[in-house]
Amino acid sequence: MITTGQKIAIRPSDSSRLQATDLEHVKFGRVFSDHMFVMDHANGTWSDPRIVAFENLSISPASAVLHYGQSIFEGLKAYRRNDGSVAIFRPQANIARMNRSAKRMCMPPIPEDLFMEAMAELVTQDKGWIPDGDDASLYIRPFLIASDEYIGIRPSDTYRFMIFTCPVRGYYAEPVRVQIEQEYSRAFPGGTGDAKCAGNYAAALYPAKLAQDRGVHQLLWTDATEHKYIEESGTMNIFFRIGDTLVTPETGGTILEGVTRDSIIQLARRAKLPLEVRKVSVAEVVEAARAGQLKEAFGAGTAATIAHIAQIAFNDELFELPALEERIVANRLGSELDDIRRGRAVDTFGWMVPVA
Ligand SMILES: *Cc1c(COP(=O)(O)O)cnc(C)c1O
């Protein structure tokens, strides 16, 4: 573990925007809490960790991040528990993943203890922004950008690390329609598919837009070499239930290692549900769907936790999946996760880190 003895300076904002905010009707990712965390990296060290009012940045048009995309991010959530306390779900997993992304993008790692303390302090400052209700939480967005004022291509010498938070409610209201992608790719062997870097998302927008123009919400990404194996669902990991068995693709460089995915795998193992983590071919999913054996399909990720898939399109075929009440595995694992997050079930895995 990388540690520092640095203290975070806290400079609270003079005026809170909370009273003027309608927390009942927040849209995902559009409302930002009062404060943000900032620290800078130069000459091999991090300095000036601080919590200040959420405000715009002033950066040079020549700032490296704007041109060549040395930029990574994370997404995790703080929950208000039934006893009124606030806890973050598996922050250490996100910290570790952020530092793996940083390595892949030639960026400096964030000291783990400072990262954790920054999130805990920021969430404590803005815990009043967590909306009431069982679908509500505080979404935490850490990100790291290159800040050299230089348009030569090389790893930046200077960086800025920031964290802000958003009050959020349920993400996908409706079960989603997806299409198995046969032309474009999100990730490829040797690429950056397992890093949470900005460029991955920009590259996926155009194929996703083509799909949306055809009436589907998102793509089931397949392997870049043959389009024969299913990898992810939009920006979420993917699970299928074929017959009685829960199946999810194994990661291996082209799939982002989701914390939600890992949590679902651990819960399924604990419940001794039949589970296979392996390559999942398009052919077997399509055959299962044709034979009425595809009982469930869902995306797994922090924003929505579980996004049920209603329909899967493949070439000219369209498969309708069973009604949501019949999604017994996703419903069960989803509520087990919720119960742990809300403090209604014993947190045997030690996933919740109390902060306030
Ligand atoms: C963030 C992300 C996920 C989900 O990861 P979680 O840690 O569960 O939120 C899955 N796939 C992609 C491409 C992602 O960016």
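Reader: Okay. What kind of model is it?
Author: It is a predicted model.

Reader: How many helices and strands are in the protein chain?
Author: The protein chain has seven helices and 18 strands. Its radius of gyration is 21 Å, close to the 21 Å that the globule rule gives for 356 residues, so the chain is as compact as a globular protein of that length.

Reader: And what box do the C-alpha atoms fill?
Author: Roughly 60 × 50 × 40 Å, along the principal axes.

Reader: What share of the residues is buried?
Author: Buried residues are 52% of the 356 in the protein chain.

Reader: Switching to contacts. What share comes from residues 24 or more positions apart?
Author: They account for 71%, counting contacts with a separation of 6 or more.

Reader: Charges next. How many positive and negative ones are there?
Author: There are 39 positive and 46 negative charges. Their mean positions lie 1 Å apart.

Reader: Which domains does the assignment give?
Author: Domain 1 covers 9-168, and domain 2 covers 176-341. The contact between them takes 20 residues from domain 1 and 19 residues from domain 2.

Reader: What separation do the domain centres have?
Author: The centres of domain 1 and domain 2 are 27 Å apart, taken over C-alpha atoms.

Reader: Now the loops. Where is Asn 43?
Author: Asn 43 sits in the loop between strand 2 (35-42) and strand 3 (45-53). Its phi is near 50°, a positive value in a residue other than glycine.

Reader: Got it. Is Asn 43 buried or exposed?
Author: Asn 43 is exposed, because its relative accessibility is 79% and the cut-off for exposed is over 50%.

Reader: And where is Asn 315?
Author: Asn 315 is in the loop between strand 16 (305-314) and strand 17 (317-320). Phi of Asn 315 is near 45°, again a positive value in a residue other than glycine.

Reader: Buried or exposed, for Asn 315?
Author: Asn 315 has a relative accessible area of 56%, so it counts as exposed.

Definitions and conventions
Residues are numbered from 1 along each chain as its sequence is written. This is a predicted model: local features need pLDDT of at least 70, side-chain atom pairs count only at pLDDT 80 or more; totals for chains, interfaces and linings use all residues. Side-chain values use heavy atoms; hydrogens and water are left out. Helices (H or I, at least four residues) and strands (E, at least two) are DSSP runs, numbered from the N terminus. The radius of gyration is taken over C-alpha atoms; the globule rule is 2.2 Å times the number of residues to the power 0.38. Buried means under 20% relative accessible area, exposed over 50%, partly exposed in between (1.4 Å probe, protein chains only). Contact means heavy atoms within 4.5 Å. Lys and Arg count as positive and Asp and Glu as negative; His and the chain ends are not counted. The place of a charge is taken as NZ of Lys, CZ of Arg, CG of Asp or CD of Glu. Domain bounds come from an automatic or database domain assignment.
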